[in-house]
Structure formats: structure tokens, C-alpha cells
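I open the notebook on this entry with strand pairing, then helix packing, then overall size.

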Amino acid sequence: MPHSVMFTGENPLPAIGQGTWYMGESAAQRQQEIQALQAGLDLGLKIIDTAEMYADGAAEEVVGEALKGRRERAWLVSKVYPWNAGLTEAIKACERSLRRLQTDYLDLYLLHWPGSVPLEETVRAMETLQQQGKIRRWGVSNFDTDEMQKLSHLPGGENCATNQVLYHLASRGIEYDLLPWCQQQQMPVMAYCPLAQAGRLRQSLMSHVTLQKLAQQKGISVAQLLLAWVIRKAGVVAIPKASSIAHVEENARALEIDLNSDELARLDEAFPPPHSKQPLDVV
């Protein structure tokens with residue numbers, strides 16, 4: 001399989017999935033969002049990432065609609081708010097997500113970001129959900145290296161399956177310590193906003209002279225170049241938002257793109273890797 005990622009106890013999955021942040025916010029967009037997710041599944045983009053936070057659960061409802069009759073073709077990820085991550089609260093939150101998603105299990109359930117609930121309690125909640133068959137595996141999101149190390153030393157903490165963090169060409173801080181640590185643990189990293197979040201930064205990336213020139217030389221789009229860059233390393237999966245069928249098709253083709261050492265060197269020159277510890281970027 002071109003560019004794939006391995007989670008514990010799972011067959012290889014394509015290293016590009018489908019994000020759903022900002023989905024479910026507009027009734028007028030709902031059908032297009034459903035069709036985009038279904039098109040992604042048809043193209044083999046199995047990983048669908050959502051959260052109870054996205055549109056107050058409405059994104060999960062969109063995903064649930066998209067997965068009718070197709071659940072077994074998807075590898076479904078959702079996330080719990082930190083304040084819902086206590087022992088009983090996490091189980092109730094997960095059950096609410098399952099109802100919105102119209103499924104009886106998640107392939108992966110993440111703590112959305114570190115909060116005030118003791119991590120030990122969240123780990124116990126995740127292990128309980130696993131024992132109940134409501135989730136297949138669990139992980140975290142927006143955890144920096146010190147938080148991952150702390151988690152790994154807790155009872156059951158070694159079962160953490162992934163860390164989902166912000167990662168794109170203009171935000172490379174995790175390469176200094178967090179990404180190497182996760183790779184050492186053979187833990188996949190999920191990159192959210194791999195094209196940078198919509199706004200000024202994304203516009204500056206899309207119009208960057210080096211990126212435009214390199215993309216043109218390779219006969220690909222700048223977005224495909226950015227995705228190919230994120231998944232160039234083993235164990236990294238990118239989850240760009242799947243907002244339209246055209247975008248999903250473009251994303252899927254990025255799985256076939258390889259960047260050679262000269263091309264990577266040009267990108268390093270334009271966007272240097274970190275030479276010291278950076279604060280974890282969070283959106």
C-alpha cells in the first residue's frame with residue numbers, strides 16, 4: 001500500500017484520512033459533507049476523524065449519516081472533552097458520541113487535550129470503555145513530550161495508541177523531540193491541519209514561491225505537496241478536512257506522491273526544521 005500507517009492490532013491504513021472540523025455547522029452544506037466523506041471511503045481514505053466538540057456534536061451526526069451501510073469500511077475516531085474525561089463522565093460522553101455516530105463502537109477514542117481530570121482516571125475510563133467493547137483503542141491529542149512521558153509511566157498508560165497534534169510544513173516543532181519520542185515508542189502520530197488552518201497562514205503557504213514552483217515541476221497541487229510532505233515519514237497520518245468531493249479526490253492522489261532528497265532539501269531551506277525545543281503548537 002502506498003504511504004500507510006500501522007496502529008496496534010490493525011492492518012495498514014492509508015496515511016491520509018478525512019477530518020471533520022467545521023462540519024455540521026451549516027444545514028445547507030450537510031449533503032455535500034456527507035457525499036465528500038462517502039467519496040473518501042470509496043477512494044480508500046478509511047480514517048474518519050471527528051469529536052464531540054465539532055459543531056457541538058453535529059459533525060458526529062454528519063459522519064453517522066455518511067456511514068449508514070458503510071460502517072465496516074471506515075476506521076472511526078472521535079474525541080472527548082477534557083472536562084468529560086472522568087471515569088463515569090467519559091463513558092457517558094462516549095455513549096452520546098456513539099448514538100450520534102449511529103454505531104456501537106469506535107476504532108479510536110482520544111482525550112482532546114490535557115485537562116484538570118487526573119490522567120490516571122481518564123486512563124481507567126478508556127480501559128473500561130475498551131473492556132465494554134465501545135472502543136477498540138484509545139489515545140490522546142495535543143500532548144507535548146513531557147505529558148506523553150508522564151502518561152507512559154501511569155498504569156495502563158503504555159496502551160496509548162496515538163497522539164494527534166498540529167503538524168504542517170510551517171509548524172515543525174514536534175520534529176525536535178515529540179515526533180522522535182513517538183517513533184521510538186512505535187506510536188503513530190496523527191497530524192491535524194496538515195495544510196495549516198484556513199486563514200492567512202494557509203494562504204501564505206499556498207502562494208509561497210518555492211512551493212508553487214516545486215508543485216508545478218511535479219505536476220501536482222500545492223495542497224498535495226503539503227500532504228505528501230507530512231506523510232513522508234513512517235508512522236505519520238494526515239487528516240485534512242474533507243469538505244468536497246474534489247478536495248477528497250485531490251487528497252487521495254497525494255498518497256501516491258514521493259518526495260526525493262533534493263525536493264525535501266528545498267523545502268527544508270524554505271521552512272527550516274527546529275534546532276531547539278519549541279512550545280507545542282495548538283489550534
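I began with strand S9 (residues 189–192), which runs parallel to S10 and is joined to it by 4 bridges. Two strands count as paired if DSSP finds at least two bridges between them. Helices (H or I, at least four residues) and strands (E, at least two) are DSSP runs, numbered from the N terminus. In this pair I found Tyr192 opposite Ile239 of S10.

Before going on I noted the basis: this is a predicted model, in which local features need pLDDT of at least 70 and side-chain atom pairs count only at pLDDT 80 or more, while totals for chains, interfaces and linings use all residues. Residues are numbered from 1 along each chain as its sequence is written, and side-chain values use heavy atoms, with hydrogens and water left out.

I then traced the sheet. It is open, has 8 strands paired in parallel, and its order is S3-S4-S5-S6-S7-S8-S9-S10. Strand S3 (18–19) and strand S10 (236–239) are at the edges with a single partner strand each, so one side of each has no neighbour in the sheet.

Next I looked up helix H3 (residues 87–101) against helix H4 (residues 119–131): their axes are 8 Å apart and the packing angle is about 45 degrees. Axes are lines fitted to C-alpha atoms, for helices over the stretch in contact, and angles run from 0 to 180 degrees between N-to-C directions. H3 is therefore oblique to H4; angles under 35 degrees count as roughly parallel, over 145 as roughly antiparallel, 65 to 115 as roughly perpendicular and the rest as oblique. From H3 the contact (heavy atoms within 4.5 Å) takes Leu87, Ala90, Ile91 and Cys94, and from H4 Glu121, Arg124, Ala125, Thr128 and Leu129.

For helix H8 (residues 209–218) and helix H9 (residues 222–230) I noted axes that come within 9 Å and cross at roughly 95 degrees. That makes H8 roughly perpendicular to H9. Leu211, Gln212, Leu214 and Ala215 of H8 meet Val222, Leu225 and Leu226 of H9.

Last, I logged the whole protein. Its secondary structure comes to 11 helices and 10 strands, and its C-alpha trace spans about 55 × 45 × 35 Å along the principal axes.
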